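Subject: Handover of a structure and its description

Dear colleague,

Please find below the structure that I am handing over to you.

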Amino acid sequence: MVADLVVNLSQVRRGDVGRVGGKNASLGELLAALGGQGIRVPQGFATTAAAYWEFVRANRIDALIATAMARAESSGSLAAAAAEIRAAFERGHWPAELEAAIRAGYRALCAEVGMAEVDVAVRSSATAEDLPDASFAGQQETYLNIRGETALLDACRHCYASLFTDRAVSYREAKGFAHDKVALSVGVQQMVRSDLGGAGVMFSLDTETGCDRVVVINAALGLGENVVQGAVDPDEYLVFKPLLADPVLVPIVDKRCGGKAQKMIYAEGDGQTTVNVDTSEAERQALVLSDPEILQLARWACAIERHYGVPMDIEWARDGRDGALFIVQARPETVHSRDRAEVLRSYHVSGQGPVLARGLAIGAAAVAGPVCRIDHPGQIDRFVDGAILVAKTTSPDWVPIMKRARAIVTDHGGRTSHAAIVSRELGVPAVIGTGDGTRVLADGTLVTVSCAEGDQGLVYQGAASIHTEALTLADLPATRTRIMLNLADPAAALRWWRLPADGVGLARMEFVIDHAIKVHPMALVKFDELEDAAAKAEIARLTAGYARRTDYFVDRLALGLARIAAVQYPNPVIVRLSDFKTNEYAHLLGGAQFEPREENPMLGFRGASRYYSPRYREGFALECQALRRLRGVMGFTNVVIMVPFCRTPEEADRVLAVMAENGLVRGERGLEVYVMGEIPSNVVLAGEFARRFDGFSIGSNDLTQLTLGVERDSELLAELFSEQDAAVQWMIRTLIRDAHAGGAKVGLCGQAPSDHPEFAGFLVECGIDSISVTPDRFAAVKRHVAAAEAELGG
């Protein structure tokens, strides 16, 4: 190879950005530095920046660039100038020495892989590309399935021309890069036959929250361009990084099967190199990656991140011939890696209209505005500044429109698609992959776009009320009392990863069952006996792909709880066993058949009494299986189990025995079991309960209503319901005293400490160990408790 024109990727390092561009420099770095760790990168070579300038000078394009851009500056017609320059590249001839160097590089690659004409991927790599302050996502072109020397030379010429697409020129103008100072290197790599397998994108942090403790992987069938372009709804996997080092564990905390309606494969004839085809029903319903493949990619992401020292945006591919995985690109992540914000903003939406569309939430904001549907970027003139952009999908050509939008809604795409990446960079909320947004959202309709309600983005009819709160993390005081979080929604849990909390004091299992599972566990255990035909059909649809229908419950519950457990690992995360009332259980799919009708469900068949009852014992076994997987298989040994509404010590013994039968033995592998302190008997017999449990969590709502005999939801008696009533405070003080005497810890879950600083002071005076509150009240309670501790100390 002619050293100054073409270079083997194995001879390139990350410091060679000026010579071969960021993309190719990164590939060379991966080959040299991480190949020894088992990370596979396809072999290849790159043309250099010197080769680009040789081509430019030989065809006198340098003078054209100067005159055309000067003319554009005076006329304002960047598009015309860019088209003129592209045309010059396309008709340009190859200098003899450069052509010979590229041909020699291709022949050497063919010899290296043992093929007469190896099919290659031809990618553009600008010399200013992938710098920390710019993503350059998709600014230049990529050509796949290129075979033969002539086809390769044509593809390289196309890559040079793509340095002057309208979008690339506009982007450089915005970023202040001089057009005559940016060169282009072309990377040529052996194709990974992902057209027969799958491909996708992964990030070494959570793309929505910036949480650096997870790897996010998107996967689709076929070549990876569909994922990058947002043309398909990919699978998504979330892996917890701190537990990846243990080869026995499987810390996959989320798996979602995407629509994957099409896949890009090699084309046959017609001059095309690739083509999109529809996927089969079986392909759409199956996950692209197995658990071992997910873990292997996640470990590679961690290794790449460690080597570069920054969060990374990585493209991967799986060869369908032998199943081998490869890394085909790696670049620094450009949004959250620079975000060190000490203020968390939360948005609260109220007064919403009906939901018109839903998809993946990008960002965490909420906005309202009129819909402006755009079918292609050429319609930019009809876009109204500050409108909600609605489109099937986006590409780099859409960026000028996206910059003017208040929010973005697309039919297709995943969290790593172009629309998602650009929306994050712009700080614009987006709802991605709605499926039918362009059909149901009419031009001019006033809507509210909410990404503030978890990882599902919602588009509501009309303008809702949006309230914004800023949570300042700086200068939060230290406290002896542990301040923990109440969390229920796994989808929103990662949003609070920056809070310096001491754990999760209450994770509500029933929320996961209601929102992520939707099925009564006994309807899965006794599926063949279900009488409700409609419920049976829906359950069959939800559980498709599982060997046993009960596996669906165990899998979805374990994954939902894992996202919550990951947020505060290794701090304790207290998971309350299901605490539905019978009327609430009955509303789950298939539930009516298995629940008795009660006049007063609040005091009926709920909590501990269900777990050993023949009516629910098999359902409770599924809860236990999920918790065993959470602690044993996934590795979240920080999970503490809490038993709700346990009326007597004898009932506690029965519940603990059933848990042990299902592999959850108090004390084994550090398993702690708590009990809710919400019934007067828990206080009266606190010493007996303390012998059986490691801790109490005071449920102030139930304890107040059962102490005062006041229904907590009664409007007529509302003025009598008070957690600060002398009788309730006696109960709390007595429980803390007697539990501590028995060696058990005590916490409280509730809003009262945030609403009433004096109540926080009362709890501190009693010596409570922890207080658990909703995330938006964390800072206020932390300050209330610090003040109370200082006063008590004084």
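Is Cys451 buried or exposed? Cys451 is buried, because its relative accessible area is 0%; here buried means under 20% relative accessible area, exposed means over 50%, and partly exposed lies in between, with a 1.4 Å probe and protein chains only.

The model is predicted, so local features need a pLDDT of at least 70 and side-chain atom pairs count only at pLDDT 80 or more, while totals for chains, interfaces and linings use all residues. Residues are numbered from 1 along each chain as its sequence is written, and side-chain values use heavy atoms, with hydrogens and water left out.

Overall dimensions

The protein has 794 residues, for which a compact globule would have a radius of gyration near 28 Å; the value for the protein is 30 Å, which agrees. This radius is taken over C-alpha atoms, and the globule rule is 2.2 Å times the number of residues to the power 0.38. Along the principal axes, the C-alpha atoms fill a box of roughly 95 × 55 × 55 Å. Of the 794 residues, 58% count as buried. The accessible surface comes to about 30200 Å², and 50% of it belongs to carbon and sulfur atoms; areas come from the Shrake-Rupley method with a 1.4 Å probe, and for residues only the protein chains shown count as cover. Among contacts (heavy atoms within 4.5 Å) between residues at least 6 apart in sequence, 69% join residues at least 24 apart.

Five strands form an open, antiparallel sheet in the order S1-S2-S5-S3-S4, where two strands pair if DSSP finds at least two bridges between them. Strand S1 (6–8) and strand S4 (142–147) are the edge strands, each pairing on one side only. Neighbouring strands of this sheet are turned by 25° against each other on average, direction ignored. Within the sheet, strand S2 (residues 44–47) and strand S5 (residues 184–190) run antiparallel and are joined by three bridges. Gly44 has Gln189 of S5 as its bridge partner. Helix H1 (residues 17–34) packs on the sheet and touches S1, S2, strand S3 (119–126) and S5; the direction of H1 makes about 130° with that of S3. For such angles, axes are lines fitted to C-alpha atoms, for helices over the stretch in contact, and angles run from 0 to 180 degrees between N-to-C directions.

Cysteines

The whole structure contains zero disulfides, a disulfide being a pair of cysteine sulfur atoms within 2.5 Å. The cysteine sulfur closest to that of Cys451 is in Cys211, 18 Å away and too far for a bond. For Cys159, the closest cysteine sulfur is in Cys156, at 6.2 Å, which is also too far for a bond. Cys159 counts as buried, at 0% relative accessibility.

Two further residues

Arg610 is found in helix H20 (residues 608–611) and counts as buried, at 1% relative accessibility. Leaving aside residues up to four places away in sequence, Arg610 touches His520, Thr582, Tyr585, Glu595, Phe605, Tyr616 and Arg617.

Thr445 lies in the loop between helix H13 (437–440) and strand S20 (446–450). At 27% relative accessibility, Thr445 counts as partly exposed.

With kind regards

Notes
Helix = DSSP H or I, 4+ residues; strand = E, 2+ residues; numbered from the N terminus.
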